Amino acid sequence: MPVTDAARRPTSHSVLVIGGGNAGLSVAGRLRRLGVKDIAVIEPRTEHLYKPIFSHIAGGTAPASKAVRSQRSVTPKGVEWIQDAVTSIDPDADTVTLASGSVVGYDHLIICPGIQKDWDGIPGLAEAMRTPEGISNYEFDLAQKASARLRDITRGTVVFSQPAGPASCAGAGQKPMYLACDYWRARGILSDIEVVMLVPDETVFGMPDIDRELNRKIAEYGITLRTQTTLGSVDAASRTIVTEHPVRGSETLSYDLLSVEPPQSAPDWLVGSGLTDASGFVDVDPYTLRHPRHGNVWALGDAAATLNSKSGGALRKQTLTLAKNLVAVLRGEPMPERYNGYSVCPFTVSRSTVVFAEFDDQYRPVPSVPFWKGLARERRLTWVFDRHILPWVYWHMILQGRA
Ligand SMILES: Cc1cc2nc3c(=O)[nH]c(=O)nc-3n(C[C@H](O)[C@H](O)[C@H](O)COP(=O)(O)OP(=O)(O)OC[C@H]3O[C@@H](n4cnc5c(N)ncnc54)[C@H](O)[C@@H]3O)c2cc1C
């Protein structure tokens, strides 16, 4: 039977979204609400994970069930879900190729497949994570392991480590540490546990107000903070790590538990697409979120080369900016919105308080409640928001493009 032109032509969508995570579903939901029809999201996973709650799971303040919903149940109504993974993009032909071999066309493409976790980027790290002593809040299964291990340890050395370079909610590696310290203090065993935190920068976070709050908690819990220090290698057999410092050089440290935020980078498969900048992330105008050379390509979230610190909170502003700008382009109008670089990192500094860091792309404070810097102080109010209100808002409003 002869193959017709129609049969040869790839399936095509007005708006095609790569990645059905926080960014992909929220922006699809916003576009749908703005009246855009024929939106498809490509996402391989059957389960959607709410990552900010991983820190609570690891630190013992939320059950694992709070992180998971089926992808189908959270995909906004009227948006098509293509269960597959993109392997390459051809921005000149306006098509993407999927792992199944299918080719899908688009009028506009939104790229948001998240960031890549490089567990193999540090010698011995991947192997160490497979031992009982290797834990993390950056993977769902390791967060569940962390919860049990941090609960059960009664003495020894626990090392927490945060990497240099780009990261999704960079400070999140610290969160289970404060939660665990508060728990150990309540059990009366904190003095039997030596807690060491490795951070890559000169201070614990990088904003004076936030550093002050975190340093107060670090002193209160007796944590040894090693600044400008990164994890160089891990030897799981001897339970030792080698740390790197620009002046002190390499030092060896023993651990009984090792909690690691892994090094992160742009997804490897994007290289060669012609759409990335020197960092490997998707090149976009950081204010409009539109690609500088391909006017029908957009990016946001952890995979975009924007200037802000990568976070879900940043996405609430990014999704609105991108959706309104894309709709304006569809109508032939000027783009009305500019993303202001807003980001957020809620530090769970105890089992009932949070230090809510809100900042722009130069780490200047950007409080949600204008002129009130109080949210950046340790508060119960922000704990209630982070642990109880925000997860509800995420599942019911953010993913639907309503917030
Ligand atoms: C431990 C942890 C704690 C955090 N805490 C906070 C917090 O407290 N507050 C905050 O604001 N932010 C927090 N974040 C950051 C926040 O979760 C991310 O910034 C946000 O999820 C980024 O959204 P995204 O859609 O860009 O990426 P993701 O949410 O990672 O989604 C990317 C999606 O793309 C899919 N995908 C990947 N490759 C492909 C492909 N080739 N084809 C198709 N689909 C693909 C993935 O399966 C995934 O579903 C935290 C992150 C972590 C890891």
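Me: Why is the second largest pocket said to lie between domain 1 and domain 2?

Reply: In this predicted model, domain 1 (9-44 + 83-115 + 266-341) and domain 2 (119-263) both contribute residues to the lining of the second largest pocket, and therefore the pocket is placed between them. The lining is made up of 20 residues, and those nearest the centre of the pocket are Gly165, Ala170, Asp201, Ser309 and Tyr363. The space in this second largest pocket comes to about 280 Å³.

Me: What makes up the lining of the second largest pocket, by nonpolar, polar and charged residues?

Reply: The lining of the second largest pocket holds 11 nonpolar residues, together with six polar and three charged ones.

Me: Why are α2 and α9 called oblique to each other?

Reply: Helix α2 (residues 22-33) packs with helix α9 (residues 312-330) at an angle of about 40°, and their axes are 9 Å apart. Angles under 35 degrees would count as roughly parallel, and 65 to 115 as roughly perpendicular, so the pair α2 and α9 is classed as oblique. As for handedness, the crossing of α2 and α9 is right-handed.

Me: How many cavities of 30 Å³ or more does a search of the whole structure find, and what is the volume of the largest cavity?

Reply: When the whole structure is searched, one cavity of 30 Å³ or more is found, and the volume of the largest cavity is about 90 Å³.

Me: Which residues line the largest cavity, and which elements give two or more residues to its lining?

Reply: Among the residues lining the largest cavity are Met207, Asp209, Ile210, Phe356, Glu358, Trp372 and Lys373. The elements that supply two or more residues to this lining are α8 (208-221) and β21 (354-359). Sorted by class, the lining of the largest cavity has nine nonpolar and three charged residues, with no polar ones.

How values were computed: Residues numbered from 1 in each chain as written. Predicted model: local features only at pLDDT ≥ 70, side-chain atom pairs only at ≥ 80, totals over all residues. Heavy atoms only, no water. 1 Å grid on protein atoms, 1.4 Å probe; cavity = no way out; pocket = protein on both sides within 12 Å on 5 of 7 lines; lining within 4 Å. Points joined across faces, edges and corners; volume = space filled by probe spheres on them. Nonpolar A, V, L, I, M, F, W, Y, C, P; charged D, E, K, R; others polar. Domains from an automatic or database assignment. Axes fitted to C-alpha atoms, helices over the stretch in contact; angles between N-to-C directions. Helix = DSSP H or I, 4+ residues; strand = E, 2+ residues; numbered from the N terminus. Parallel < 35°, antiparallel > 145°, perpendicular 65-115°, else oblique. Left-handed = near helix turned anticlockwise from the far one by under 90°.
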